[in-house]
Amino acid sequence: MKKMRVVHSLIACMTILFCSVGLNPTVSEAQRVTHDPVIFVHGLGGNSTNFYFIKTYLKQQGWADNELYAIELVDKTGNSITNAKQLATYVDDVLKKTGKKKVDIIGHSAGGINALTYILNTGGSKVSDVVTLGSPNRVITTKAPVGTDPNRKILYTSIYSTTDYITPYRLSILDGAKNIQISGVDHLGLVASKKVNELIKAGLDGGGLNTNK
């Protein structure tokens, strides 16, 4: 009889445990609710697959597949005007698909200046956080654009390396942004570095800055 009571107690405990697991969302599910869709913008001569390692890392950190989008730019020459127009259409499509009001953008190399051109021209109200990787930002603007949302500035994280021999790192600095200088990572390595991935996540989680008015 005593053994039966123990068995019944174990069954009851297991039932409660399974019910609680079924009723409560996991941590990652709870996190996914709050994520803006992320759009990856590749650089000159690049393509949408350049961000494989970053996308894999973000999925491990709780981002879902349907929150990660990589644009394939038609113009591979780095023409920021042409690419910004394509990006504008792509952002609108992603917002319509996800039902969100804003996107986050990660731009590598010329992808960063494509994103800045888009924001300055038409995207000032549709972007929340921007992370640029080895991007020659100052070719487009020296100051981080605040956007047109009166309730929240666009927050920027510019990550650049002193051992990037493609983009002079001084061109990556955006006044008012969170500028992060690293070393030991080359231009292409910026999209395949564990150290950089962690900095990207912080930027997407609202860790960027914008002290401009």
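Leaving out residues up to four places away in sequence, N137 touches G112, I113, L116, T132, S158, L171, S172 and L174, where contact is taken as heavy atoms within 4.5 Å. The model is predicted, so local features need pLDDT of at least 70 and side-chain atom pairs count only at pLDDT 80 or more, while totals for chains, interfaces and linings use all residues. Residues are numbered from 1 along each chain as its sequence is written, and side-chain values use heavy atoms, with hydrogens and water left out.

N137 is placed in the loop between β4 (127–133) and β5 (155–161); strands are DSSP runs of E of at least two residues and helices are runs of H or I of at least four, numbered from the N terminus. N137 counts as buried because its relative accessibility is 0%, buried being under 20% relative accessible area, exposed over 50% and partly exposed in between (1.4 Å probe, protein chains only). A polar atom of the N137 side chain lies 2.9 Å from the backbone oxygen of S172.

I106 belongs to strand β3 (residues 103–108) and is likewise buried, with a relative accessible area of 0%. The C-alpha atoms of I106 and V131 are 4.7 Å apart, although the two residues are 25 apart in sequence. Apart from neighbours within four places in sequence, the contacts of I106 are V38, I39, F40, V41, F51, I54, L58, V131, L133, I200 and L204.

Helix α3 (residues 52–60) packs on helix α6 (residues 194–207) at an angle of about 60 degrees, with 10 Å between the axes. Axes are lines fitted to C-alpha atoms, for helices over the stretch in contact, and angles run from 0 to 180 degrees between N-to-C directions. This makes α3 oblique to α6, since angles under 35 degrees count as roughly parallel, over 145 as roughly antiparallel, 65 to 115 as roughly perpendicular and the rest as oblique. The contact involves F53, I54, Y57 and L58 of α3 and N197, E198, I200, K201 and L204 of α6.

Three aromatic pairs are present in the structure; rings of Phe, Tyr and Trp (its six-membered ring) pair if their centres lie within 6.5 Å, and planes under 30 degrees apart count as stacked, over 60 as edge-to-face and the rest as tilted. Y52 and F53 form an edge-to-face pair, because their ring centres are 5.3 Å apart and their planes stand at 80 degrees. Y160 and Y169 form a stacked pair, 6.2 Å centre to centre with 10 degrees between the planes. Y52 is exposed, with a relative accessible area of 55%, whereas Y160 counts as buried at 5% relative accessibility.

Technical notes: Polar contact = N/O pair within 3.5 Å; in protein donor to acceptor, adjacent residues only side chain to side chain.
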